[in-house]
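Here is a short report on helix packing, salt bridges and a surface patch. Please look at the structure first.

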Amino acid sequence: MAIQSSSKFQINTKKWENIMQLVVLFLGLILINILAQNYFFRLDLTAEKRYTITESSKTILENLEEPVFIEIYLEGELNSSFKRLQKSVKETLEEFSMYAGKNIQFTFINPEQVSSNPEEQNRYYQQLANRGVQPTTVFETVQGKKVQKLIFPSAIVSYKNKEKPVLLLKGNRTASPQEQLNQSIENIEYELISAIQKLSKKQKSSVAFIEGHGELSNDRLISLTQTLSENYIVERVNLNENLANSFKSENSKNNKTAQSPIQNLLQYDAIVIAKPTLSYTDNDRYQLDQYLMNGGKLLFFIDQVQMNLDSIAQGGTYAFAYNLGLNEMIFRYGVRVNQDLLQDTQSGQILVNVGQMGNKANVTPIPFPYYATTGSFSTHPITKNMDALMFKFVSTLDSVKADGIVQTPLVFSSQYSKIKKVPTLISLDELKQDLNPKLYQNSNIPVAYLLEGEFSSAFKGRFPPSGFDEKDFIKKGKDSKVLVVGDGDLLSNDFDRRTRQPLPIGYDEISKNTYSNQEFFLNTLSYMLDEGGIITSRTKDFEIRPLDTFKVQEEKSYWQFLNLVVPNLIILVFGLGWYFWRKKKYA
């Protein structure tokens, strides 16, 4: 009897131990869920942190006041490449939802299923085009036949009755299709969060374009200013008038709130000098210099050489260097704009009359090496994964010693380029020669530089110009940024020859290509003004890991056997082993 009582006691004790273990496990799960709700975290185990968004993106998403609605037009029968893009967009938006909650709402739309009526379908496509969603034509092979299909790799982001189109398929056109797709995937976070930020931003930054020295006129900047006006306050400033108005205010007895000319300039977050043709005075330079010393941002788009295409067509012309009065100042900041012109085998075209065809002129497009179309960039966030730029009569740049300044070359010439010093004769006779790569021995010559740091004043060791108080002079400035580009035409828009309507900047009427001039300028502004730091999301780098197609063909059966049969064999062996072990133990 004693043995039976002891046995029952042991069984009851074991039973209670099992119950207590279940209770502890249950309470532990509850505690883990409570902690998970209060202390949110996610683990990204990928080598490139593919599923991790930047802190700046998280901040924007967490501070949204109202829901953001995103329509993505990537749905339906897509090939493997666009399926991959679709999947990446969905994963990014799901990651956004983890931080914005219900304030991120998205849906994928198949434009082909809107209507079965072809006319209604075309009207819908036109509506998408009017909203900024442009299609991409894809040719696919279906049952041995080539089929043309329209794909809309775009999204529309809506917030507070405002909307913005987002192109999801971007990248350098000189790259392979697989690399271009990978670049597009790397940029998904930036493209989407940039649109959300611009729509939700309460206060616009201000940008000023300097005038009064023969800079690009309003009509030559109309395309850029229209785009800028969506997200920035854009104004034009005459430095001479700014100085005169400040002195008038100071001399006025009734004006007790008069500001110095430098303070007037500091209301602008960035100042752009776009292709001046007349010399800057000491007063002009001093205002820009002290604006920079106070933390302002300067963007120089300089034509160092006097040249235009119309004069070449009239039998040729001599190219001379401009005396803009800016060289010494830019030199002190860390860059020299050389008195030369870049010639590049990777170039645009111009229309040339090569003779008569009957009673009409035979006008033919011919490569023009002075119109460099370079796609060579640094890996900086401004230029990473960007498409090619078009330069017209661009000068090269050299970095010079400037203490405490970080000098980053952003844009380079192609592998086959050369430099032509000025003064020199330029004529259409040069076009008769083939673009022989052996004559273009220079490569990767910088044509755009970004300078960052605490700049020393270009007027250090000198007296300020007349009218400026020496007490206000700053020798060593605050941390700031300067951009120097050796071409002023980079920002200029042309006009349609028939309608005389302004064309987008970077649009080439001959090739019908739109180069990334505008994107370069907008990326630079975003970086220089550090608008939430979101441009750092452009630094993502996803490595392409392609399969070896030959090995796939040779080892196809082996890998099929390994993936289909071996797992089932392992499960079968484990099940049999478990059965015989239990049978032996409890028999």
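## Helix packing

Helix α3 (residues 80–100) packs against helix α6 (residues 188–200) at an angle of about 50 degrees, and their axes lie 10 Å apart. Axes are lines fitted to C-alpha atoms, for helices over the stretch in contact, and angles run from 0 to 180 degrees between N-to-C directions. α3 and α6 are therefore oblique to each other. Angles under 35 degrees count as roughly parallel, over 145 as roughly antiparallel, 65 to 115 as roughly perpendicular and the rest as oblique. The α3–α6 crossing is right-handed; that is, the near helix is turned clockwise from the far one by less than a right angle.

## Basis of the model

This is a predicted model: local features need pLDDT of at least 70, side-chain atom pairs count only at pLDDT 80 or more, and totals for chains, interfaces and linings use all residues. Residues are numbered from 1 along each chain as its sequence is written, and side-chain values use heavy atoms, leaving out hydrogens and water. Helices (H or I, at least four residues) and strands (E, at least two) are DSSP runs, numbered from the N terminus.

## Salt bridges

The whole structure holds 19 salt bridges (a side-chain nitrogen of Lys or Arg within 4 Å of a carboxyl oxygen of Asp or Glu). Glu191 pairs with Lys170, with the closest N and O atoms 3.4 Å apart. Glu191 sits in helix α6 and Lys170 in the loop between β6 (162–167) and α5 (177–186), so the pair ties together parts 21 residues apart in sequence. Glu191 is buried, at 12% relative accessible area. Lys170 is partly exposed, at 21%. Buried means under 20% relative accessible area, exposed over 50%, partly exposed in between (1.4 Å probe, protein chains only).

Two other pairs lie within single helices. In helix α2 (residues 55–62), Lys58 and Glu55 are three residues apart, about one turn. Their salt bridge is 3.2 Å, N to O. Lys58 is buried at 14%, whereas Glu55 is exposed at 57%. In helix α12 (residues 327–333), Glu328 and Arg332 are four residues apart, and their side chains meet at 3.8 Å, N to O. Glu65, Lys160 and Lys202 are linked in a salt-bridge network.

## Nonpolar surface patch

Phe561, Leu564, Val565, Leu569, Leu572, Leu576, Tyr579 and Phe580 form a nonpolar surface patch, with about 800 Å² of accessible area together. Patch residues have over 30% relative accessible area and no salt bridge; like charges are joined within 9 Å, nonpolar side chains (Val, Leu, Ile, Met, Phe, Trp, Tyr) within 5 Å. Areas come from the Shrake-Rupley method with a 1.4 Å probe; for residues, only the protein chains shown count as cover. Leu569 lies in helix α15 (residues 556–586) and is partly exposed at 44%.
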